[in-house]
Amino acid sequence: MKSKEGRLATDCPVEFSKLVSGFSEEAKVRKQASQGKHVDPYQPKSPKSRCIRQRSSSFVNGKCKSKETPLSGNYGVEDMNSNVNGRDIGIRNIPRQRELLNAKNGIQFTLMVAGQSGLGKTTFINSLFATSLINDNIKENRPIVRYKNIIEGNGTHLRFGVIDTPNFGNDMDNAFTWRTMVNYIDEEIRSYIFQEEQPDRTKMIDDRVHCCLYFLKPSNNGIDTLDVLTMKELARRVNLIPVIAKADLLTKHELNNFKMEIREIIRVQNISVCCFFDNNVLDATQNIFQKFPFSIVASKEYVLNKKGERVKGREYKWGTVEIENEKHSDFKILQRILFDWHLIDFVESTEDYYEKCRSEMLRTRLLKARDCLTTNTVEITDEQRKFLQEEMNFEDIEENKLKNYKCYEIINKVIMDKVATEWDPEFITRQLETKKRFNEISNQEIRKIKEWKKNLFMKQENFNQEIEDLNNNLENLQLECQDLEYKLLMDKSSDHHSTDSATLVNVHIKR
Ligand SMILES: Nc1nc2c(ncn2[C@@H]2O[C@H](COP(=O)(O)OP(=O)(O)OP(=O)(O)O)[C@@H](O)[C@H]2O)c(=O)[nH]1
């Protein structure tokens, strides 16, 4: 086994050849063939070894499924198969060629371990093989940490990527913590799509996540909303397998109840386990998945079991828990699901999902290019505008054939990354929240202004009223004055009988 730090020959796990059984069987055949021995790979000595080379899903719980395709049978084109120098050639040989090719190229498998902090994700990964894939002495502060390892065994190799999510759920506000993982999964798919468009595809980096183990806290009180929410989002994007972490902390009875509870929650919340597996695989693996959610115990330490054997486990006052003992934990089953029975299914089903994402993405890019004609969200040159207007048929995009590539060029990764940010649920929620807050504040201000205006109108009315009253008073006073003048005039005229009106007015003014 080789980790990213270098080869650790002494650590090479004996289990690996068993784990990647299909590959190792093939490697044996190749080795014998290179030594000049003729081996018919489809006439194996034991029925078990024959099944081993078939699709991983056919090997269920260590038993060979008889309904598998008869690899050594008559394919209806017998005369196209022949034997040259002791080696099979022809159509019958194609599956073997394919397997040889797979064995030669190895396989890329990326596993994400998610779940709240301290549930033993790192310990689990380090228990999988006989070496530490993750350095657990250094605690990372980043939300996503990627580890890459090459695991070699029997002439083939596994490029094993691990995505660790340390400190998950430790924030004060965990409403959108799940977004980091979801964004990572989406971004890896998006990035692979764009890498495929590069002229040199030899240096492509494939970090697409094939499986996600979601660690659940062992508890008697159900599961946290954060876990339900996160599993819901993850299950749409990746083959999700929920596992009960630290199962040794629950009694058998508690564990069974907790398993039933989780199954019910998952059913009600419509969370699919391994959502990309097709029905054939799920039918063939029913008996394994009946055990789900798998309860696991992980440990890096070796302890002595009852038989005095040195095994990985945990020692307690009440006894010893062996992590690979199926009576104590589902660790071994999970390990076989991941690296033996379903390794190929994880990779192939993710490939199918990737294809769907890819075609969806290309469609979106074409529609975005069409939108450039009506909106100004993307800047385009006059030449590009002319091309989109005159050359492209957006009603029937298939009709455009290779011309579509011009649109893909316009709507490049930078623009699609921006679109992804705009579709980000946190961004959308924060945007809605900001809009709501803005509306609240502006409504409050409008209410204040209206109140103020109303008060001003009332004040104005009061002033008007006061002015009117003053005017009335003035008028009344004027009338009174006129009356008084008149009276005075009348009095004077009656007193003196002969008074000049001008003199009288003069007298009145003087008084
Ligand atoms: N009882 C019990 N303890 C475990 C088990 N697996 C891990 N632990 C212990 O739990 C502690 C935390 O383990 P880690 O592997 O660091 O947990 P983690 O999920 O990687 O934690 P973060 O990196 O913070 O997310 C360590 O002390 C482990 O020894 C288990 O199956 N049972």
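View 1. Asp 283 sits in helix α9, residues 279-284 (helices are DSSP runs of H or I with at least four residues, numbered from the N terminus). This is a predicted model, where local features need pLDDT of at least 70, side-chain atom pairs count only at pLDDT 80 or more, and totals for chains, interfaces and linings use all residues. Residues are numbered from 1 along each chain as its sequence is written, and side-chain values use heavy atoms, with hydrogens and water left out. Asp 283 has a relative accessible area of 48%, so it counts as partly exposed (buried is under 20%, exposed over 50%, partly exposed in between, with a 1.4 Å probe and protein chains only). Together with Asp 278, Asp 352 and Glu 355, Asp 283 makes up a patch of negative charge on the surface (patch residues have over 30% relative accessible area and no salt bridge, and like charges are joined within 9 Å; a salt bridge would be a side-chain nitrogen of Lys or Arg within 4 Å of a carboxyl oxygen of Asp or Glu).

View 2. Look in helix α5, residues 121-128, for Ser 127.

**View 3. Ile 271 in a loop.** Ile 271 belongs to the loop between α8 (252-268) and α9. With 6% relative accessibility, Ile 271 is buried.

Key:
Patch = residues over 30% accessible without salt bridge, like charges linked within 9 Å, V, L, I, M, F, W, Y side chains within 5 Å. Areas by Shrake-Rupley, 256 points an atom, 1.4 Å probe, with all protein chains shown as cover. Lys, Arg positive; Asp, Glu negative; His and termini not counted. Charge placed at Lys NZ, Arg CZ, Asp CG, Glu CD. Helix = DSSP H or I, 4+ residues; strand = E, 2+ residues; numbered from the N terminus.
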